[in-house]
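Please look at the sequence and the structure shown here before reading on. The report below goes from the whole chain to the way its parts pack together, and then to a single residue.

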Amino acid sequence: MDMLIWIGAAISAIGLCGILWSLVTVVRAKRAGLSDDAMRARLAKVLPVNLGAMLLSVLGLMAVVVGVILS
């Protein structure tokens with residue numbers, strides 16, 4: 001079960017990187033002073049990446065918890 005814990009931690013780390021990327025992208029867009037339509041278009045591109053990264057983080061943490069419980 002140690003392998004499940006490490007795999008879950010790696011998946012969570014990948015998800016965390018995706019969340020940080022989306023955060024940096026939104027902050028850069030906000031600082032760029034874009035118009036409302038341009039800002040909406042930029043955020044519409046970032047939203048699926050953010051949701052996918054959240055899903056990866058949750059799945060990774062679930063794998064870690066399952067691995068710890070079964071150990």
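What follows is a short report on this predicted model.

**The chain as a whole**

The chain contains 2 helices and 0 strands. Its radius of gyration is 16 Å, well over the 11 Å that the globule rule gives for 71 residues, so the chain is more spread out than a compact globule. Some further values for the chain are collected in this table.

| Property of the chain | Value |
|---|---|
| Span of the C-alpha trace along the principal axes | about 55 × 15 × 10 Å |
| Buried residues | 20% of the 71 residues |
| Accessible surface | about 5200 Å² |
| Part of the accessible surface belonging to carbon and sulfur atoms | 75% |

**How the helices pack**

Two packed helices are described by the angle between their axes and the distance between the axes. Here helix α1 covers residues 2-31 and helix α2 covers residues 36-70, and their axes come within 7 Å and cross at roughly 160°. Because angles over 145 degrees count as roughly antiparallel, α1 and α2 are therefore roughly antiparallel to each other, and their crossing is left-handed. Among contacts in the chain between residues at least 6 apart in sequence, 83% join residues at least 24 apart.

**A residue in helix α2**

Ser57 has its place in helix α2. Is Ser57 buried or exposed? With a relative accessibility of 12%, Ser57 counts as buried, since the cut-off for buried is under 20%. If its neighbours within four places in sequence are left aside, Ser57 is in contact with Ser12, Gly15, Leu16 and Ile19.

Conventions
Residues are numbered from 1 along each chain as its sequence is written. This is a predicted model: local features need pLDDT of at least 70, side-chain atom pairs count only at pLDDT 80 or more; totals for chains, interfaces and linings use all residues. Side-chain values use heavy atoms; hydrogens and water are left out. Helices (H or I, at least four residues) and strands (E, at least two) are DSSP runs, numbered from the N terminus. The radius of gyration is taken over C-alpha atoms; the globule rule is 2.2 Å times the number of residues to the power 0.38. Buried means under 20% relative accessible area, exposed over 50%, partly exposed in between (1.4 Å probe, protein chains only). Contact means heavy atoms within 4.5 Å. Accessible areas come from the Shrake-Rupley method with a 1.4 Å probe; for residues, only the protein chains shown count as cover. Axes are lines fitted to C-alpha atoms, for helices over the stretch in contact, and angles run from 0 to 180 degrees between N-to-C directions. Angles under 35 degrees count as roughly parallel, over 145 as roughly antiparallel, 65 to 115 as roughly perpendicular and the rest as oblique. A crossing is left-handed if the near helix is turned anticlockwise from the far one by less than a right angle, and right-handed if clockwise.
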